[in-house]
Amino acid sequence: MSKENLSPAWAAAFDIAIDHGEGSYLYDTAGKRYLDFTSGIGVTNTGHAHPRIVKAIQDQAAKLIHGQIGVGKAQCVLDLTDELMTVLPKQLDMFHFGNSGAEAVEAAVKLAKQVTGRTNIIAFEGSFHGRTHMTMAMTKSKTSYSVKYQPLPSGVFSNPYAHCYHCPISKRTMSDQARAELSASCPDDGGACCGWPLEQLHFLLKTQSAPSETAAIVVEPLLGEGGYVAPPASFLRGLREICDHYGILLVFDEIQTGFGRTGKWFAMEHYDVLPDVVIMAKGLASGMPISGIAANHKVMGSWSPGSHGGTYAPNVVCAAAGVETIRVMRDEKIVENAAARGAQLRKGLLDLKKEFGQIGDVRGLGCMIGTEFVKPDGSPDAATMNKVNQYCTEHNLLMLTCGTYGNVIRWIPPLVVTEQQIDESLKIFAAALDSVA
Ligand SMILES: Cc1ncc(COP(=O)(O)O)c(C=O)c1O
């Protein structure tokens, strides 16, 4: 089969004839080695083909490949819930599994609607929640995800995210430098957020979606596709207060931020905010397709039997990979490594920002960092970013981009990345910046 037989619908950031992967590296069929800082869109947190996870997959596949949950509960599924309970807040102790991130978002929305008896969902500008019809309706990062797919489900409302670097209030009142410092310092802002996004939310609840009709507020605790934005703590704490006040469920989409990506098991830990529902996928099983939602017994336990499910999920081979992923991450202190390497990366990028004015902002947490490219007047500079990224690709460093204006490079190395690999990536990036200066 040639490439011509594959649908053009997939975005093609690169065109590599992938052969295999090992740790932080991908290899093409000619044996060329790439430092893979895409992590397969933030999935391969334990690196490519971790031997223990490969073995767990092989062992489970030899025993049973499809163990339909309605027929029986395989031990590896029960083990997965046990392992998840060791890394999640103890209140989130009931689970439902799916196959993909979007499916898990759908599940969280269905749960919230049924449990609250309310119809509406509030999402945020810049958010990405998936590509099914409901998750497209909730995705507000770019129109390219929804163009020509309208009409989308109704009952979805959107509110501004706390994006300090682009906040209209701080843009009017602060210098570029001060905004960048505020953005980089999140979430330890000590209350520095101007409070505008929360004011807007109160307004939205007055003007568009009555609290009595609002089932859930769904939010990424660190905005991913929308530009890698860590909000000030007061934003997420404010959402918690509003949800408590009106009986709305607070749902954290930790699909990209979970499983060590931000230097903690889950991003919510940076903020000390407990959601009612957390959504997980990506890093959960090192690349095997499984997703899940976790909630407390009161919320999840009210879901009527038979009202949600599917043929495959949770696939038992994927569940076994999830169990081993969590054990490997704990045994090899991968979350701690993500925090240390993230700090190294962040420092290196902030140093480069001082030297190269094209970088307007460096922000994020752990190994989830964005570098935003701007023109001298502060407007988005996707052209320069593309040239820089092209140089990196030509020098075998693979990175993805994001942001509404496509001007942010996302730094999401595998969480097993070494100190030397981070240094190497910074050297390539510095040379790329030099080449466009
Ligand atoms: C925050 C977030 N939510 C949802 C999704 C959708 O996940 P999937 O592509 O597995 O459906 C993604 C994928 O990038 C994501 O980053």
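1. Let's start with S39, which sits in helix α1 (residues 39–42). Helices here are DSSP runs of H or I with at least four residues, strands are E runs of at least two, and both are numbered from the N terminus. The phi of S39 is near 50 degrees, a positive value in a residue that isn't glycine. S39 is also buried, with 27 other C-beta atoms within 10 Å. Buried means 20 or more other C-beta atoms within 10 Å of the residue's own, exposed means 12 or fewer, and partly exposed is in between, with C-beta atoms placed from the backbone.

2. A word on the source. This is a predicted model, where local features need pLDDT of at least 70, side-chain atom pairs count only at pLDDT 80 or more, and totals for chains, interfaces and linings use all residues. Residues are numbered from 1 along each chain as its sequence is written.

3. F259 is another one to look at: its phi is positive, about 55 degrees, although it is not a glycine. You'll find F259 in the loop between β8 (249–253) and α10 (268–271). F259 is buried, with 30 other C-beta atoms within 10 Å. As background, most residues other than glycine have a negative phi, and most peptide bonds are trans.

4. Now for the cis peptide bonds. The bond from Q150 to P151 is cis, with omega near 0 degrees, and P151 falls in the loop between α5 (133–138) and β6 (156–159). The bond from A313 to P314 is cis too, with omega near -10 degrees; P314 belongs to the loop between α11 (297–300) and α12 (316–331).

5. Next, the sheet. Four strands make an open, antiparallel sheet in the order β11-β12-β15-β14. Its edges are β11 (359–365) and β14 (400–402), each pairing on one side only. On average, neighbouring strands are turned by 30 degrees against each other, direction ignored; the axes are lines fitted to C-alpha atoms, for helices over the stretch in contact, and angles run from 0 to 180 degrees between N-to-C directions.

6. Inside that sheet, β12 (residues 368–373) and β15 (residues 408–411) pair antiparallel over four bridges; two strands count as paired if DSSP finds at least two bridges between them. If you want a spot to check, E372 has V408 in β15 as its bridge partner.

7. Finally, the ligand. There are 15 residues around it, and G101, A102, G130, I255 and Q256 come nearest (near means a C-beta atom, placed from the backbone, within 6 Å). Helix α4 (residues 101–116) gives the most to this shell, with three residues.
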